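Here's a quick briefing to read alongside the model. Take a look at the fold first, then walk through the points below.

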Amino acid sequence: VVSADYHDRDLEGTGQPGCESWTDLGALRNFKPGLSEYCLNPLGDDGKGNVTTFLCSGMDQQRFIMCEDGSIRNHYSGSCLNAEGDNAGDSVVVSSCGSSPQLWSKNDIRTEEDSESGIYQKAFRLVHETAGKCLDMKLDGRDVVLWHCNEEFGESDHWWHFRNPGKVLFSGPLRSRKSGKCLDVVGIEGDWGTGRGDVRTYTCIDPQHHIWTMYEDGEIVNK
């Protein structure tokens, strides 16, 4: 099953050694009411470093891969989600996977309605297999650490999810009635053709840049 948030993209050709098989790909969002717009976010622009939570922006640094071997890898850097120790309060970082990457398991999986979108999601705890502790947000709501898995659902920020955006409501070009031009992605220098960058209207000549998909949760995604 491929999870939401970039669910239409796959890993083919991305060269993730040790992650030939995977179950989820996308932004890891917290599930606690009021926090589901916050995603795991490595502080480094290279997709490495201490892990915090930050407003979900759609950037590659916020995309994670849940591999079938139990490792969780940052899609941008290819590095692994690791804890700096086995104790409650120890920091979580994205760093080199090494020969034996640290492993995580999705526990206590439950289907619940997302308070932000009204769409049902699969929420789960991420448990560090060696430490036996949960991926957790500190009280300041930013830094991500290990913590005891001792709080009930709905009362803690131990639950995470790869967001399901719901049903596809529309897919195709978005054309201005007045000008007849299509909504287009300009792209940024060195990144043209990736579907990222400033948005404009342009003559409808590029079917890839002009294809947009609207989902039930209100997201509009460029193909």
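Ser36 is buried, with 0% relative accessible area, even though its place is in a loop, the one between strand 1 (22–30) and strand 2 (38–42). Keep in mind that this is a predicted model. From that loop, the tour goes on to the disulfides, the rings and the chain as a whole.

**Around Ser36**
- Setting aside neighbours within four places in sequence, Ser36 is in contact with Arg29, Asn30, Cys56, Asp114, Glu116, His161 and Arg163.
- Take Cys56 from that list: Ser36 and Cys56 are 20 residues apart in sequence, and their C-alpha atoms are 8.9 Å apart in space.

**The Cys39–Cys56 disulfide**
- Cys56 is also bonded to Cys39 through a disulfide, with an S to S distance of 1.9 Å.
- This pair links distant parts of the chain, 17 residues apart: Cys39 is in strand 2, and Cys56 is in the loop between strand 3 (49–55) and strand 4 (63–67).
- The S-S torsion of Cys39 and Cys56 is about 100°, so the disulfide is right-handed.
- Cys39 is buried at 0% relative accessibility, while Cys56 is partly exposed at 22%.

**Other disulfides**
- Searching the whole structure turns up five disulfides, and the bonded cysteines, counted along the chain, follow the pattern 1-4, 2-3, 5-6, 7-8, 9-10.
- Cys134 and Cys149 form one of them, with sulfur atoms 2.0 Å apart.
- Cys134 sits in strand 10 (residues 133–137) and Cys149 in the loop between strand 11 (144–147) and strand 12 (159–162), 15 residues apart.
- Cys134 is buried at 0%, Cys149 is partly exposed at 30%, and their torsion of about 120° makes the disulfide right-handed.
- Another disulfide joins Cys182 to Cys204, S to S 2.0 Å.
- Cys182 lies in strand 14 (residues 182–185) and Cys204 in the loop between strand 15 (199–202) and strand 16 (211–215), so the pair ties together parts 22 residues apart in sequence.
- Cys182 is buried at 1%, Cys204 is partly exposed at 30%, and a torsion of about 105° makes this disulfide right-handed.

**Rings and charges**
- Lys106 lies over the face of Phe124, 4.7 Å from the ring centre.
- The charged end of Arg200 sits over the ring of Tyr202, 4.2 Å from its centre.
- As for aromatic pairs, the whole structure has one.

**The chain overall**
- The protein chain has 17 strands and zero helices.
- Of its 223 residues, 43% are buried.
- Among contacts with a separation of 6 or more, 53% are between residues 24 or more positions apart.
- The accessible surface comes to about 11,500 Å², with 48% belonging to carbon and sulfur atoms.

Definitions and conventions
Residues numbered from 1 in each chain as written. Predicted model: local features only at pLDDT ≥ 70, side-chain atom pairs only at ≥ 80, totals over all residues. Heavy atoms only, no water. Helix = DSSP H or I, 4+ residues; strand = E, 2+ residues; numbered from the N terminus. Buried < 20%, exposed > 50% of the residue type's maximum accessible area, 1.4 Å probe, protein only. Contact = heavy atoms within 4.5 Å. Areas by Shrake-Rupley, 256 points an atom, 1.4 Å probe, with all protein chains shown as cover. Phe/Tyr/Trp six-rings, centres within 6.5 Å; stacked < 30°, edge-to-face > 60°. Lys NZ or Arg CZ within 6 Å of the ring centre and 35° of its normal. Disulfide = S-S within 2.5 Å.
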